[in-house]
Amino acid sequence: MTEFYVLKLLDRLQGVFRRTGVDYPVLRSILQVKLTMDARRTPTVLAGGKDNKQNTAEGSPFRIQWIYLLLGLMLILFVVQDGNYIFSMSITFAILMFMIATTLISDFSSVMLDLRDKNILFSKPVNRRTLNMAKSLHVLIYLLTLTLTVTGPSLIVSLFKQGIVFFLIYAAAVILMDCLILVITALIYLLILRVFDGEKLKDIINYVQIILSIGIAVGYQLVSRLFNLADLTVSYEPAWWQYLLAPAWFASPFELLLGGNRSVHLTVMSVLALVVPVLLLAVYIKLMPMFERSLQKLASEEGAGKDSGNMARRLSELFCQGKEEALFFRFTWSMMRNERDFKLKVYPTFGLSLILPFIFIFNILWGGGGLEVLRNTKAFLFIYFCALLMMTAVQMLRYSTSYRAAWIYKTIPLPGLSPVYRGMLKAAILRLLIPLFVIEGAIFLWIFGVRFLPHLIIVLPALLLYSVLCFRLLPKSLPFSEQYSAARQKDFTGSAFVQMFILMGLAGLHYVISLIPFGIYIYAPALVIANWWIWRISFPRAELAG
């Protein structure tokens, strides 16, 4: 079996693990298996020869991804600044915490809440604390690998530009930050696990994803309010609420040790940066058995929600053409409701898409513009950000934990694949995009008044057009027919950039049209025609199943 360097590092800390009641040899074996499985590809159902080449061992989820390196290069701009460390490093850690926390919530919550290995390991003489520690270390190793990829360029530059002391503080703060993010997420899940039971708990956890995503996005915005910008200079004014912002904690040691600022305020926040992650980690280790026992509730179907399917049936009758399309509409609708891993990955994006437009509006209001000033701007175009949800949702519609059941597609006498894709996409639009659009549209209508109504009417067909374009840019795959691990093995960053560019283009075109007298009244029917055309060519009726 493959030997990993990280396991050799853990060998040096085995005494610490043993003192916490962990069986280290067993812990090491479990981790070695998990890391080995991560480094292997599993061929998915319906994968042809062209996919087999991709399913080699080259594509571990721990590979360095160029997109993270590109994002990490931006951090260099902050770490090379001399002086005013509290400003530059607060922004740095705000960016890092936002990226790492959202990645953990969207990608690895399903790992933290996974029960699939219990059937094997619980029948063996395995300490429950050992098993839970192995799971936590598995996630932490992923987080540290991801963080190292993002912070690697800035860490190297800081060593040569700022010196060894800055480098060591930065490295230690990054490790403490990862521990804080992991433990807080786990403790929130533990609280939810203790309160709710069975299937209802699974739905509650999905809602927590949205709340956490919104909280992270709002907290990220608060960091920029730490400082006053006047005459192109940055000044820092201590305030009590800053004790609640973790990025300011991790930035304080730089100002305290390197900036020469020995204020009590910075000293307290520096202590918080060290004590809080360590203390919470100790509490989490202590509560591991409770977490493991509570996690068994996820296997219970008690209190499971009942879905009569009446809404899906009625919507399919209204919006679908043909019984095949209606069938896959109802199938996709049901899977989006019941597939927990799908919701764990998509719901955080729902939260971000919900809050992002209002964050931009809040920034305008914070800058001194009142509500009347806001209404005279084109800020209503920020509603296009709600379409970010479709970037994730359309991509994740191909994955399922029950992907092996995709053999059923081979047995269904379908006249073509177009009804499958049409029903799938319509279900995603009506279940995810339309409710989000209605919520944001109502709030925008209240903010901008009745004059916004024609623009709101334009936005809807533009978002529908964008949803089809997102589908066309991704490789075609039958709904819920691939394994979730494949989501980290295929590189969708290129198409994501194109999708973002298209979304910005639609918003920009709307802006230009709004400058032309009566332009929106010409643009609206043009969008309707464009939708009819793009749906027609994307899902041709004459297509035969391959």
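I take a residue as buried when its relative accessible area is under 20%, and on that cut-off Cys179, with a relative accessible area of 13%, is buried. The model I am reading is a predicted one, and I keep that in mind throughout these entries.

**Entry: cysteines.** I stayed with the cysteines for a moment and looked up Cys470, which is buried because its relative accessible area is 1%. I then searched for disulfides, and the count came to 0.

**Entry: the cores.** I next asked which residues have the most contacts inside the largest nonpolar core. That core has 74 residues, and the ones with the most contacts inside it are Tyr384, Leu425 and Phe448. Looking up where its members come from, I found that at least two residues each are supplied by helices H14 (310-319), H15 (323-338), H16 (340-366), H18, H20 (418-448), H21 (453-473), H22 (493-514) and H23 (519-538). The helix that gives the most to this core is H20, with 15 residues. I also noted a second, separate core of 70 residues, which includes Tyr24, Val79, Ile100 and Leu131.

**Entry: Leu425.** I listed the contacts of Leu425, leaving aside its neighbours within four places in sequence, and found Met390, Val394, Ser467, Val468, Phe471, Trp535 and Phe539.

**Entry: helix H18.** Is H18, at residues 388-396, mostly covered or mostly open? I found it mostly covered, with 8 of its 9 residues buried.

**Entry: Ser353.** From helix H16 I picked out Ser353, which counts as buried because its relative accessibility is 1%. Not counting residues up to four places away in sequence, Ser353 touches Phe385, Cys386, Leu388, Leu389, Leu436 and Glu440.

**Entry: salt bridges.** I searched the whole structure for salt bridges and found 4.

I began with Arg28 and Asp11, whose side chains meet in a salt bridge at 2.8 Å, N to O. Arg28 lies in helix H3 (residues 24-38) and Asp11 in helix H1 (residues 5-11), so this pair ties together parts that are 17 residues apart in sequence. As for covering, Arg28 counts as buried at 16% relative accessibility, whereas Asp11 counts as partly exposed at 23%.

I then turned to Arg422 and Glu325, whose side chains meet in a salt bridge at 2.6 Å, N to O. Because Arg422 lies in helix H20 and Glu325 in helix H15, the pair ties together parts that are 97 residues apart in sequence. Both Arg422 and Glu325 are buried.

Which residue does Arg398 form a salt bridge with? The partner I found is Glu482, the closest N and O atoms being 3.7 Å apart. This pair links distant parts of the chain, 84 residues apart, with Arg398 in the loop between H18 and helix H19 (408-411) and Glu482 in the loop between H21 and H22. I checked the covering of both partners as well, and found Arg398 buried and Glu482 buried too.

How values were computed:
Residues are numbered from 1 along each chain as its sequence is written. This is a predicted model: local features need pLDDT of at least 70, side-chain atom pairs count only at pLDDT 80 or more; totals for chains, interfaces and linings use all residues. Side-chain values use heavy atoms; hydrogens and water are left out. Buried means under 20% relative accessible area, exposed over 50%, partly exposed in between (1.4 Å probe, protein chains only). Helices (H or I, at least four residues) and strands (E, at least two) are DSSP runs, numbered from the N terminus. A nonpolar core is a set of buried Ala, Val, Leu, Ile, Met, Phe, Trp, Tyr and Cys residues joined through side-chain atoms within 4.5 Å. Contact means heavy atoms within 4.5 Å. A disulfide is a pair of cysteine sulfur atoms within 2.5 Å.
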